[in-house]
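Subject: A structure for you to look at

Hi there,

Here is the structure I promised to send over. Have a look at it first, and then read on for what turned up.

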Amino acid sequence: GVAHTPHRLAAINTEKIRSEMDSGYTISASPSVVSTGDSQVQVTWSGKVASSDWIGVYSPPITDFAATCPVSYVWTSDCPSNSFTFTLVNLRADYQFVYFTGGHTNAEGLATSNTVSFSNPKEPLQGHIAFTGVASQMRIMWNSAPSSTTPQVKYGTEPNSLSNVVNAQTTSYTQGQMCGSPASDIGWRDPGNLYNALLTGLQEGTTYYYSYGNSEGGFSAVSNFTTTTSTLPDPGRLRHFVAFGDMGTFAADMSAFGGNRGQLASLNTTRLMLKEMPEMEMVLHIGDISYARGYGSDWDYFMNQIEPFATQVPWMVCGGNHERDWPNSGSLYPNSTDSGGECGVALMERFVMPSASTQFANDGSEPWPSQTTPWYSFNFPPVHFVLMTTEEDFSQGSPPVSYTHLRAHETDSYLVCRLLLE
């Protein structure tokens, strides 16, 4: 299954890659400037092509191939015309393509291409939203390259009148926060700035339009969401949401996967969810989110893949073993290395879930997990959802879950739904 499929980049023996530039080989990429909406690049090469040759995709460009693994690749044997069209994801840095021989075990870099740039490397990217536990609020999150200007969300009840403005908080995470390899070395990729803005005082059950960004990188296209309600819906009204785990991500251009197609179905998941958009009110992604497993660029691929849906429907998450587990990091399974050294940091910095600041005793929310309190809850009338990860210790003496609070909701016309995450 997906959970036991090796990461597509893990087969590359990155630390042993050598640079052996050979004038008998060439590689080029066109166009040299792309945009997020038009990011296809044709890469063409020449030389004495062998079956063990492959094209590595790097962002940012590097000279020490043994220091960082590529973000993607394609075997030349799969490209009889000596060319391949890549669909690039804006990774907030330039791209470069490298021709390698020697397979993945004893690779030698023979030629490097020109660089390819995005026309707006500081544009707002990877938008997604989340409930806070308060019906009159919504949290907006996104990502960009580092910027010194104030990140903001503009919003209103009409798409052409975004007259309300709220500033966002800026966070990130560092290589030093990773617990082990590959996250701490060959798989590390700077996540850029991570933003979150809290919209308050919203009308319940109302559609709002919004745009996020800053004056340097510009603002996103206008998206919309509909707030939930704090009271039970009308009798007979159906609530629509989707719940799943083990999604992962898959490159739209089908590069870097070869025979490893364990996460191809993730493209079908997002495609089918988009078809359900008019009725869907929420996503519960309950464990094993991007399957990055220490290869940081996969978080960028994943966030880009869910953006069309997650900017309109709250995407609620909690971590599984492939986000959290690592020896000596406090996870329940001390011998598991399933997170690839991320030990929960990447997930929890990218997704801000209901927090203690929302006063759960009054509005139904519970603290979003730290690595020692990995659970939270929120109201979605007529259901009170509780999300708990099975990768932490909830036995006697461990950080408590407020069962008093849950029992209160059980007697308050709510169905309490407990979701245990693998």
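Before the numbers, one term: a residue counts as buried when its relative accessible area is under 20%. By that cut-off, 54% of the chain's 422 residues are buried. Keep in mind that you're looking at a predicted model.

**The chain as a whole**

If you count up the secondary structure, you get 25 strands and 6 helices. Now take the contacts between residues at least 6 apart in sequence: 68% of them join residues at least 24 apart.

**The pockets**

Rolling a probe the size of a water molecule over the atoms shows where empty space is left. How much space lies in the largest pocket? The answer is about 330 Å³. Its lining is made up of 20 residues, and the ones closest to the centre are Thr-226, Thr-227, Glu-279, Met-280 and Glu-281. Strand 19, which covers residues 223–226, gives the most to this lining, with 3 residues. Sorted by class, the lining of the largest pocket has 8 nonpolar, 8 polar and 4 charged residues.

The second largest pocket holds about 260 Å³ of space. Here 16 residues do the lining, with Thr-87, Leu-88, Val-89, Ala-252 and Asn-304 nearest the centre. This time a helix gives the most: helix 2 (residues 297–310) puts 3 residues into the lining of the second largest pocket. Which classes of residue make up that lining? There are 8 nonpolar and 8 polar residues, and no charged ones.

**Around strand 9**

Look for Thr-101, whose bridge partner in strand 9 is Glu-108. Strands 8 and 9 form a hairpin, and 6 residues sit between the two. In that turn you'll find Gly-102, which has a positive phi of about 90°.

Happy exploring!

Note on methods: Residues are numbered from 1 along each chain as its sequence is written. This is a predicted model: local features need pLDDT of at least 70, side-chain atom pairs count only at pLDDT 80 or more; totals for chains, interfaces and linings use all residues. Side-chain values use heavy atoms; hydrogens and water are left out. Helices (H or I, at least four residues) and strands (E, at least two) are DSSP runs, numbered from the N terminus. Buried means under 20% relative accessible area, exposed over 50%, partly exposed in between (1.4 Å probe, protein chains only). Contact means heavy atoms within 4.5 Å. On a 1 Å grid over the protein atoms alone, a cavity is a set of points where a 1.4 Å probe fits but cannot get out, and a pocket is an open set with protein on both sides within 12 Å along at least five of seven lines; lining residues have an atom within 4 Å of a point. Grid points are joined across faces, edges and corners, and a volume is the space filled by probe spheres set on the points. Ala, Val, Leu, Ile, Met, Phe, Trp, Tyr, Cys and Pro count as nonpolar, Asp, Glu, Lys and Arg as charged, and the others, Gly among them, as polar. Two strands pair if DSSP finds at least two bridges between them.
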